[in-house]
Each structure stands twice: as C-alpha cells, then as structure tokens.
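Please read this report with the sequence and the model side by side. It goes from the helices to the ligand and then to the loops.

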Amino acid sequence: MTLRQSALAVQAHAYAVYSNFKVGAAVQSKSGTIYVGCNVENASYPLGTCAEAGAIAAMVAAGESEIMAVYVVTDDPIPATPCGGCRQRLAEFGASDVVVTMGSSANENEKSMTLAELLPSAFLLQSAGGDDEC
Ligand code: THU
C-alpha cells in the first residue's frame with residue numbers, strides 16, 4: 001500500500017463525532033514500515049487526539065523513532081495542513097527535509113511541504129540552551 005492508500009484506509013476509522021472532520025495520517029519510518037493513525041475525539045473536547053499523534057505513537061510503540069515521509073488526508077477538497085501541535089510532534093521524529101504530503105479524499109489534489117517549511121525554527125531538544133530566544 002502507498003502512503004496515501006494507508007492514510008485513506010485509516011481515515012475511515014477516525015472517531016470524529018464532534019467535529020465531523022475525519023483525518024488519516026501515515027508515517028513511513030526509517031525501516032520502511034508505514035504506521036497509521038486517525039483522530040479520536042472525546043466529549044471533553046480538548047482530550048481528543050490528532051491523527052498524526054496516533055501514527056507517531058504507533059511508530060514509537062513499535063520501537064522506531066525516525067520518520068522519513070508523512071501523508072495526511074482529510075475530506076476537505078483543499079488539502080489541510082497539520083495543526084501546530086502536530087508540526088511539533090512530527091519535527092521531534094523527522095529531519096527538517098522530511099516531506100509532508102497533504103491530500104484530499106475528495107480528489108487528487110496534493111500539497112507537499114517539508115517539516116522546515118511547516119515549522120520554521122522548530123524548538124528541538126538540541127535547541128534548549130542554544131541561542132534561540134523565546
Ligand atoms: N486534527 C487532526 O487529526 N490533525 C491535525 O493536524 C489537525 C486537526 C483533528 C483534531 C480534531 O479531531 C479534528 O481534526 C478537528 O480539529
């Protein structure tokens with residue numbers, strides 16, 4: 001399965017009964033394995049989790065920690081970009097040149113951006129104590 005097919009397949013499992021905005025995410029790790037996640041909402045709205053967070057958790061639970069490629073899909077005909085929190089989550093495990101492709105279940109539209117483009121000047125562990133100012 002391609003990254004897009006994997007993201008589309010897991011998007012179908014999204015539990016998005018409050019927002020009705022289903023998201024599927026697929027991350028390919030260094031080993032080539034594809035890990036997937038979908039958003040899982042909760043009646044206590046802030047407790048919901050994003051699709052990217054689920055895919056990253058699956059990857060880490062499997063013992064991997066390096067992301068090589070990402071695909072995120074929603075039903076929006078205009079490909080949606082990851083939220084700010086998920087940009088930070090992805091930057092933790094992916095190099096700045098890792099490509100995040102955003103797609104739509106409604107059409108073949110795609111948009112691709114690197115992690116550096118999505119999250120310039122990312123705060124990373126090696127940034128702590130560096131010369132970045134808050
Ligand atoms: N959502 C994601 O799963 N990933 C993102 O990057 C953006 C937002 C989810 C959270 C919530 O369940 C729904 O989309 C609407 O915000």
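## Basis of the model

This is a predicted model, in which local features need pLDDT of at least 70 and side-chain atom pairs count only at pLDDT 80 or more, while totals for chains, interfaces and linings use all residues. Residues are numbered from 1 along each chain as its sequence is written, and side-chain values use heavy atoms, with hydrogens and water left out.

Helices and strands are DSSP runs numbered from the N terminus (helices H or I with at least four residues, strands E with at least two). In helix H1, which spans residues 3-11, the buried residues are Leu3, Arg4, Ser6, Ala7, Val10 and Gln11, where buried means under 20% relative accessible area, exposed means over 50% and partly exposed lies in between, with a 1.4 Å probe and protein chains only. Seen down the axis of H1, these buried residues fall within an arc of 165 degrees, so they line one face of the helix; the arc is taken from the directions from the helix axis to the C-beta atoms. An α-helix has 3.6 residues a turn, so residues three or four places apart point the same way. The cover over the buried residues of H1 includes strands S1 (24-29), S2 (34-38), S3 (67-74), S4 (94-104) and S5 (110-114), with contact meaning heavy atoms within 4.5 Å.

In helix H2 (51-61), Ala51, Glu52, Ala53, Ala55, Ile56 and Met59 are buried. These buried residues of H2 pack against S1, S2 and S3, and also against helix H3 (84-93). Just after H2, Gly63 takes a positive phi of about 95 degrees.

## The ligand site

Around the ligand are Ser19, Phe21, Val23, Asn39, Glu41, Cys50, Ala51, Glu52, Pro82 and Cys83, a residue being counted if one of its heavy atoms lies within 4 Å. Ala51 and Glu52 are also among the buried residues of H2.

Polar contacts are pairs of N or O atoms within 3.5 Å; within protein, one atom must be able to donate a hydrogen and the other to accept it, and residues adjacent in sequence count only if both atoms are side-chain atoms. A polar side-chain atom of Glu41 lies 2.5 Å from an oxygen atom of the ligand, and for a polar side-chain atom of Glu52 the distance to a ligand oxygen is 2.8 Å. Cys83 instead places a backbone N or O atom 2.9 Å from an oxygen atom of the ligand. Taken alone the ligand exposes 370 Å², of which the protein buries 75%, with areas from the Shrake-Rupley method, a 1.4 Å probe and, for residues, only the protein chains shown as cover.

## An aromatic pair

Rings of Phe, Tyr and Trp (its six-membered ring) pair if their centres lie within 6.5 Å, and planes under 30 degrees apart count as stacked, over 60 as edge-to-face and the rest as tilted. By this rule there is one aromatic pair: Tyr18 and Tyr45 are tilted, at 5.5 Å centre to centre with 50 degrees between the planes. The pair links distant parts of the chain, 27 residues apart, with Tyr18 in the loop between H1 and S1 and Tyr45 in the loop between S2 and H2. Tyr18 is partly exposed at 40% relative accessibility, whereas Tyr45 is exposed at 62%.

## Exposed loop residues

Asn20 lies in the loop between H1 and S1, has a positive phi near 55 degrees although it is not glycine, and is exposed, with a relative accessible area of 64%.
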